[in-house]
Amino acid sequence: MFGLMQDRPLLISSLIEHASAFHSHAEIVSRTNEGPIHRCTYGDIHRRSKQVANALTALGVKPGDRVATLAWNGYRHMELYFGGSGMGAVVHTINPRLFPEQIEYIANHAEDQYLFFDLSFAPIIEKLASRMTGVKAFIAMTDRAHMPAADIPNLLCYEELIGAQGSDFAWPELDENTASSLCYTSGTTGNPKGVLYSHRSSVLHAFIACSVDGFGLSATETALLVVPMFHVNAWGMPYAGAMCGAKLVMPGPGMDGKSIYELIRDEKVTLALGVPTVWMMLLQHIEKVGADPKAEAELRRVVIGGSAAPRAMCEAFEDKFGAFVVHAWGMTETSPVGTVCNLLPKHKGISRDERLKLQLKQGRGVYGVELKLTDDDGNRLPHDGKAFGHLMVRGPWIARRYYKDDTPILDAEGFFDTGDVSTIDPDGYTQITDRSKDVIKSGGEWISSIDLENAAMGAPGVAEAAVIGVAHPKWQERPLLVVVKKEGAQVSREDMLNYLGSRVAKWWLPEDVVFVEQLPHTATGKLQKMKLRESFRDYRFPG
Ligand code: AMP
């Protein structure tokens with residue numbers, strides 16, 4: 001017997017309709033490419049996203065066609081999210097930090113028909129336009145006065161394009177499983193792979209950001225989206241913002257510590273979300289200028305994901321801002337939210353040290369994400385906080401296949417292999433120890449490079465640290481610690497080993513420490529371990 005409830009599709013257009021009906025005055029604040037801070041409301045985004053939908057229709061875009069963006073976080077990008085997906089097109093967000101050849105590859109692989117770009121990216125478009133064979137026009141996301149003087153074929157002006165359209169548009173009632181957006185993984189090997197989200201998966205995922213044990217987004221929060229809209233839909237926050245009417249603050253091209261701090265302070269940001277590399281720049285800026293965020297800002301919570309949150313970073317946010325770090329784990333294939341580290345009633349009254357240890361874990365599976373750990377043969381491992389295994393996930397916002405790729409990616413039970421190695425403790429807290437290919441195998445045991453990096457990043461004078469496994473004649477592999485010092489700091493190999501000596505198991509101690517000017521990062525700000533391993537290919541441990 002079926003239930004007798006209404007069957008309404010979960011559509012992205014319903015999010016902006018809701019925002020317009022109930023939160024039409026809540027603000028979207030954007031730092032623009034043109035310079036000034038721009039302010040508008042969900043009411044404006046609603047109206048203009050319908051103009052976008054009309055403009056796309058006039059250009060001949062049909063349901064299912066791919067429309068690309070190469071843009072920072074900002075109100076026009078948000079209009080494209082709602083207008084593009086709302087009218088049935090698939091919004092393909094391109095990561096501008098990818099190599100030009102990768103951008104060309106994914107635009108052609110996705111068969112993008114139109115490409116909307118921010119002014120900062122005019123030089124990339126100028127270079128690649130002739131090789132993006134299917135793109136019928138390139139639309140600069142600006143007004144006539146700021147159009148780039150670039151040699152780009154079929155160049156259109158965003159404000160003129162949508163300005164010519166009315167704001168009446170009836171959103172089509174799509175099947176909720178219709179594709180809504182497309183994001184390519186910035187994998188370190190092979191060609192990027194496309195993850196194709198649906199309206200249903202995006203709306204269900206947005207509920208998690210708005211749940212108290214998720215990111216706790218609500219109409220009372222002012223959320224700074226440092227995480228880019230070109231990387232997994234800014235962790236779904238534009239959708240979640242519309243769902244609950246939170247004020248959103250968009251940093252545009254200003255991703256440096258100073259610009260981010262100004263937005264946090266001036267816009268009274270209460271919740272900020274981003275990857276550790278950006279937070280590192282913010283914290284360095286605060287230290288450099290001697291700012292007093294506790295007195296000047298209202299930040300209460302910081303969501304850190306994309307890479308492991310180091311303990312020193314959690315402490316700095318707590319001590320300097322009075323803000324609580326919410327550690328989260330996910331990936332492009334998981335929309336991305338998989339686990340979130342919030343506390344349980346049993347943690348009331350635990351010491352700061354115990355709590356910080358807990359916050360370094362990536363957290364518990366949110367409703368909708370099932371987790372399991374397996375060994376190399378696919379057998380389940382216990383959730384005892386000790387067994388390391390392959391982290392496998394299943395759920396309605398987890399990919400079941402890549403775009404235009406028939407290779408099966410699920411196991412017999414329908415779980416996706418995340419490529420991460422993890423433990424899960426009896427309370428359900430996941431702790432990522434490594435990417436499976438980065439695990440250090442020493443004398444038959446596994447050493448977690450993430451744990452070592454976290455510990456090393458707390459040492460005085462250390463700006464950033466990475467650990468890789470290097471071949472060892474006796475132990476198969478041993479850890480090598482690679483350190484970037486803070487500006488002007490004096491740190492020696494012995495200082496590092498002494499510092500780590502009291503913090504990690506003896507057999508985990510790095511065999512050697514080397515200092516470098518900088519570490520390689522991927523297009524999404526993660527340490528590029530493969531590149532680092534390559535640059536140390538000829539390295540041999542002393543003795
Ligand atoms: P991407 O698809 O580019 O977002 O990358 C996803 C990968 O980032 C995951 O598979 C993890 O290896 C890593 N990752 C994401 N969040 C965390 C976290 N909180 N701690 C450690 N690694 C993370």
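**Briefing: strand pairing, ligand shell and backbone geometry**

Strands β1 (residues 27-31) and β2 (residues 37-41) run antiparallel and are joined by five bridges. The model is predicted: local features need pLDDT of at least 70, side-chain atom pairs count only at pLDDT 80 or more, and totals for chains, interfaces and linings use all residues. Residues are numbered from 1 along each chain as its sequence is written, and side-chain values use heavy atoms, with hydrogens and water left out. Helices (H or I, at least four residues) and strands (E, at least two) are DSSP runs numbered from the N terminus, and two strands pair if DSSP finds at least two bridges between them.

**Hairpin of β1 and β2**

- V29 has R39 of β2 as its bridge partner.
- Five residues lie between the two strands of this hairpin, and G35 in the turn has a positive phi of about 135°.

- Strand β14 (residues 324-330) runs antiparallel to strand β15 (residues 337-340), and three bridges join the two.
- A328 stands opposite V340 of β15.
- Strand β15 is also joined to strand β16 (residues 363-365), by two bridges in an antiparallel arrangement.
- In that pairing, T339 stands opposite G365 of β16.
- The hairpin of β14 and β15 has six residues between its strands, and S335 there takes a positive phi near 80°.
- S335 is joined to P336 by a cis peptide bond, with omega about 5°; P336 is placed in the loop between β14 and β15.

**Ligand surroundings**

- The ligand has 16 residues around it, of which A328, T332, Q362, D420 and R435 come nearest; a residue is near a molecule or strand if one of its heavy atoms lies within 4 Å of it.
- Strand β14 gives the most to this shell, with four residues.
- The shell divides into four nonpolar, nine polar and three charged residues. Here Ala, Val, Leu, Ile, Met, Phe, Trp, Tyr, Cys and Pro count as nonpolar, Asp, Glu, Lys and Arg as charged, and the others, Gly among them, as polar.
- A polar side-chain atom of D420 lies 2.6 Å from an oxygen atom of the ligand, and an N or O atom in the side chain of R435 is 2.8 Å from a ligand oxygen atom.
- For K526, a polar side-chain atom lies 3.2 Å from an oxygen atom of the ligand.
- Taken alone, the ligand exposes 500 Å², and the protein buries 92% of that (accessible areas come from the Shrake-Rupley method with a 1.4 Å probe).

- V232 has a positive phi near 50°, in a residue other than glycine.
- V232 is placed in helix α8 (residues 232-235).
- Most residues other than glycine have a negative phi, and most peptide bonds are trans.

**Domains**

- The chain is divided into domain 1 (12-24 + 39-201) and domain 2 (440-535), with bounds from an automatic or database domain assignment.
- The centres of the two domains, taken over C-alpha atoms, are separated by 40 Å.
- Six residues of domain 1 are in contact with five residues of domain 2, where contact means heavy atoms within 4.5 Å.

How values were computed: A polar contact is a pair of N or O atoms within 3.5 Å; within protein, one must be able to donate a hydrogen and the other to accept it, and residues adjacent in sequence count only if both atoms are side-chain atoms.
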